[in-house]
Amino acid sequence: MGNIFGKSSAKAKVSRVTEQDKAVLQLKQQRDKLKQYQKRIELQLEKDRELAKKCLATGRKERAKTLLRKKKYQEKLLSNTDAQLETIEKLASDIEFAQVETQVISGLKVGNEALKKVHEMLSIDEVEQILDETRESIEKQQEIDALLNGVLTEEDEDDVLAELDALVAAEEGEKTPAADIGERLPDVPKDDPAEAADAERKRKEKGTERSTKKVALEAS
């Protein structure tokens, strides 16, 4: 039996409600009770005032005076409850703000622990070593670039630039739309090629005949 009760108690869920939460809840409950008490006093004050007026109307002046004294006393009680309400609300706000501060501090603590672990993983010596290795790699690459530039002649550089221009032109040609290529092609002749060739041949024959006649006239 003892083991059974022990297991059940171990499995019981831990409540997330803290002592501060309980204190704030109690303060708010007390605040609500004071507000209800204020409403009752305000209603009673109004009743006593109306009753005092009736007593004066019926000639019972002393009774009216007693009611007004009671009313004055209750007004003081009402004023005291206002001060108590202000104190309770301020205390509840202070507790809630303290809870927020506690959560912030807890978060800062977790962040500091994580930062410490990161610093433990990377010491200053390791960081300096990584920076030195990076610097050496950059310097070595610069030396290789300098050697390559020294091996190539001016003619080689011109060939490299020409090849680069050819690659750029080829890439631009691939990107050119088909419509633009069609605009750059020559127009297709509308006349029949055979007829055009025959007309050109006749024109040349006429020109030859004129030249022959001119030579014959000059010879005569």
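For my notes, a salt bridge is a side-chain nitrogen of Lys or Arg within 4 Å of a carboxyl oxygen of Asp or Glu.

Ground rules before going on. This is a predicted model, where local features need pLDDT of at least 70, side-chain atom pairs count only at pLDDT 80 or more, and totals for chains, interfaces and linings use all residues. Numbering starts from 1 along each chain as its sequence is written, and side-chain values use heavy atoms, with hydrogens and water left out.

**Overall layout.** I find seven helices and zero strands in the protein chain; helices (H or I, at least four residues) and strands (E, at least two) are DSSP runs, numbered from the N terminus. Buried residues (under 20% relative accessible area; exposed is over 50%, partly exposed in between, with a 1.4 Å probe and protein chains only) make up 9% of the 220 residues. I also checked contacts, meaning heavy atoms within 4.5 Å: of those between residues at least 6 apart in sequence, 73% join residues at least 24 apart.

**More bridges.** The count comes to six salt bridges. In helix H3 (residues 61-121), lysine 71 and glutamate 75 lie four residues apart, and their closest N and O atoms are 2.6 Å apart. Lysine 71 is buried at 17% relative accessible area, whereas glutamate 75 is partly exposed at 29%. Also in H3, aspartate 94 and lysine 90 are four residues apart and bridge at 3.2 Å, N to O. There, lysine 90 is exposed at 54% and aspartate 94 partly exposed at 40%.

Leaving out residues up to four places away in sequence, aspartate 48 touches Leu67, Lys70, Lys71 and Gln74.

**Acidic patch.** I noted a negative surface patch formed by Glu154, Glu155, Glu157, Asp158, Asp159 and Glu163. Patch members have over 30% relative accessible area and no salt bridge, with like charges joined within 9 Å and nonpolar side chains (Val, Leu, Ile, Met, Phe, Trp, Tyr) within 5 Å. Glutamate 154 is found in helix H5 (residues 154-175) and is exposed, at 64% relative accessible area.

Definitions and conventions. Accessible areas come from the Shrake-Rupley method with a 1.4 Å probe; for residues, only the protein chains shown count as cover. Lys and Arg count as positive and Asp and Glu as negative; His and the chain ends are not counted. The place of a charge is taken as NZ of Lys, CZ of Arg, CG of Asp or CD of Glu.
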